[in-house]
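This briefing is for a reader meeting the structure for the first time.

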Amino acid sequence: MRDNRLGELCDKHDITAILYLYARGWDRYDEEALRACFHEDSVHAHGGFEGLSQEFVTSGLASTKAVKSMTHMITNPMIELRGDRALSECSFFAHHRRDAADGSGEEDMFLKGRYLDIFERREGIWKIASRTGLHDFERIVPPADQTLAGASHNQLSQKKPTDMLYSLIQSIG
């Protein structure tokens, strides 16, 4: 009994780590991290997109290239394990800082929803085999707060590879 529970705990940890890596991937504009979350044949339905998850990453990166910064939070992961398959339901909250469509400066876009994922363990590695993204809330707030506009470069989050995270990863070996 104890060994089985430990195995389940490790599996849930590995799945949760993929959910968090996905959030980091968008926040740091890290294509490698995003692609690592999905099996090559993973399918995706989210925000009007339906197709392969790898294509979702490609189109998502293109559509967010001009976004100044992003923050994605993953919460309440509930994971149901079934051998080498698992169902994950989690909530997400996303913030995008971007140029306002009307040219009046910047605006903030907030989005809340859930990811319903089927994970599969293949060759010992858990990744998403199927994702459905559901939206519950969206809000665009113009104009954006400008208090960070004068902050120095080293006080702000950045995209890969200039974000401090990547130099810290290198520094620990």
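In this predicted model, strands β4 and β5 run antiparallel and are joined by 15 bridges. β4 also pairs with β3, again in the antiparallel sense, over 12 bridges.

**Strands and hairpins**
- The hairpin of β3 and β4 has two residues between the strands, with Gly-83 at a positive phi near 65°.
- In a regular strand, side chains alternate between the two faces of the sheet.

**Aromatic rings**
- The structure holds seven aromatic pairs.
- One of them joins Phe-49 and Phe-56: the ring centres are 5.4 Å apart and the planes stand at 70°, over the 60 degrees required, so this pair counts as edge-to-face.
- Phe-49 and Phe-56 are both buried.
- Phe-92 and Tyr-115 also pair, with ring centres 4.5 Å apart; their planes are at 20°, which is under 30 degrees, so the pair is stacked.
- This pair links distant parts of the chain, since Phe-92 lies in β4 (residues 85–99) and Tyr-115 in β5 (residues 106–122), 23 residues apart.
- Both Phe-92 and Tyr-115 are buried.
- Ring pairs link Tyr-22, Trp-26, Phe-38, Phe-49, Phe-56, Phe-92 and Tyr-115 into a cluster.

**Charges over rings**
- Arg-131 places its charged end over the ring of Tyr-22, 4.3 Å from the ring's centre.
- Lys-159 lies over the face of Tyr-29, at 4.6 Å from the ring centre.

**Nonpolar core**
- The largest nonpolar core has 29 residues.
- Ile-15, Tyr-22, Trp-26, Ile-74, Ala-86 and Phe-119 have the most contacts inside this core.
- At least two core residues come from each of α1 (2–27), α3 (53–63), β3 (69–82), β4, β5 and β6 (125–141).
- Of the contributing elements, α1 gives the most, with six residues.

**Contacts of Tyr-22**
- Tyr-22 belongs to the ring cluster and is among the core residues with the most contacts.
- Leaving aside neighbours within four places in sequence, Tyr-22 is in contact with Leu-34, Cys-37, Phe-38, His-44, Phe-56, Tyr-115 and Arg-131.
- Among these contacts, Phe-38, Phe-56 and Tyr-115 are also members of the ring cluster.

Terms used
Residues numbered from 1 in each chain as written. Predicted model: local features only at pLDDT ≥ 70, side-chain atom pairs only at ≥ 80, totals over all residues. Heavy atoms only, no water. Phe/Tyr/Trp six-rings, centres within 6.5 Å; stacked < 30°, edge-to-face > 60°. Buried < 20%, exposed > 50% of the residue type's maximum accessible area, 1.4 Å probe, protein only. Helix = DSSP H or I, 4+ residues; strand = E, 2+ residues; numbered from the N terminus. Lys NZ or Arg CZ within 6 Å of the ring centre and 35° of its normal. Core = buried A, V, L, I, M, F, W, Y, C linked by side-chain atoms within 4.5 Å. Contact = heavy atoms within 4.5 Å. Pairing = 2+ DSSP bridges.
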